[in-house]
Amino acid sequence: MTKSRTSAGRILLGILGKSSMSSAILRKWNGFLRESDIDGSMDRYPCTEAMIPERLSEMLHFDRRGYIVSASLQIPVAAFMDRLDASAQKCNAVDTVVNDGGVLIGYWTDGDDALRQEFLLHSSHG
């Protein structure tokens, strides 16, 4: 059973899938959130290609703001987006998913964390 959220304003982010860089990504993002005085956290969400619909449903149900998508899921997750940014359309892949008020938007940032921060922390959802 999943625990209730204690703060409706808390920004929940995650890494979707498996990455050898997960620990470093978590340290970097959670440190950034803390240093920026943003009430939020990033966690791991293990996922296989078959689990994508379930994980995206959880994203909506538990009001998770966004996912960084592991390399193995970047092409298959694109098919599940409500909308693709022009960059994601161009390469037909998604490395960042944003839950913008219940609309799942896929972006291709090519690993640019500054761009990801813009999408994940400044969507109209917040």
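This is a predicted model: local features need pLDDT of at least 70, side-chain atom pairs count only at pLDDT 80 or more; totals for chains, interfaces and linings use all residues.

User: Which element is Asp113 in?
Analyst: Asp113 is found in helix α4.

User: And what does Asp113 touch, not counting residues up to four places away in sequence?
Analyst: Lys28 and Trp29.

User: How far apart are the C-alpha atoms of Asp113 and Leu16?
Analyst: They are separated by 16 Å. Along the chain, the two residues are 97 apart.

User: New topic, the sheet. What is the strand order?
Analyst: The order is β2-β1-β3-β5-β6-β4. These 6 strands make an open sheet with mixed pairing.

User: Which strands stand at the edges?
Analyst: β2 (40-45) and β4 (83-84). Each has a single partner strand, so one side of each is left without a neighbour in the sheet.

User: What holds strands together in general?
Analyst: Strands of a sheet pair through backbone hydrogen bonds, either parallel or antiparallel.

User: How do β1 and β3 run, parallel or antiparallel?
Analyst: Parallel, with 4 bridges between β1 (residues 11-16) and β3 (residues 66-69). Leu16 has Val69 in β3 as its bridge partner.

User: What about α1, how many residues does it have?
Analyst: Helix α1 (residues 22-35) has 14 residues. From first C-alpha to last it reaches 20 Å, close to the 20 Å expected at 1.5 Å a residue.

User: Which residues of α1 are buried?
Analyst: Ser22, Leu26, Trp29, Asn30, Gly31 and Leu33. Their cover includes β1, β2, β3 and α4.

User: And which residue with positive phi follows α1?
Analyst: Asp37, with phi near 55 degrees.

User: Which backbone nitrogens does the Asp95 side chain reach?
Analyst: The backbone nitrogen of Asp110 is 2.9 Å from the Asp95 side chain. A polar atom of that side chain also lies 3.2 Å from the backbone nitrogen of Gly111.

User: What else does Asp95 touch?
Analyst: Setting aside residues up to four places away in sequence, the contacts of Asp95 include Tyr67, Gln74, Trp108 and Arg116.

User: Last topic, the largest nonpolar core. Which residues touch the most other members?
Analyst: Leu56, Val77, Val94 and Val97, out of 16 residues in that core. The elements giving two or more residues are α2 and β3. The largest share, 3 residues, comes from α2.

User: What is Val97 in contact with?
Analyst: Leaving aside neighbours within four places in sequence, Val97 has contacts that include Leu56, Met59, Met81, Leu104 and Leu120.

User: Which residues does the second core include?
Analyst: Ile11, Leu26, Val98 and Leu120 are among them. This separate core has 14 residues.

Methods. Residues are numbered from 1 along each chain as its sequence is written. Side-chain values use heavy atoms; hydrogens and water are left out. Two strands pair if DSSP finds at least two bridges between them. A polar contact is a pair of N or O atoms within 3.5 Å; within protein, one must be able to donate a hydrogen and the other to accept it, and residues adjacent in sequence count only if both atoms are side-chain atoms. Contact means heavy atoms within 4.5 Å. A nonpolar core is a set of buried Ala, Val, Leu, Ile, Met, Phe, Trp, Tyr and Cys residues joined through side-chain atoms within 4.5 Å. Buried means under 20% relative accessible area, exposed over 50%, partly exposed in between (1.4 Å probe, protein chains only). The expected span of a helix is 1.5 Å times one less than its number of residues.
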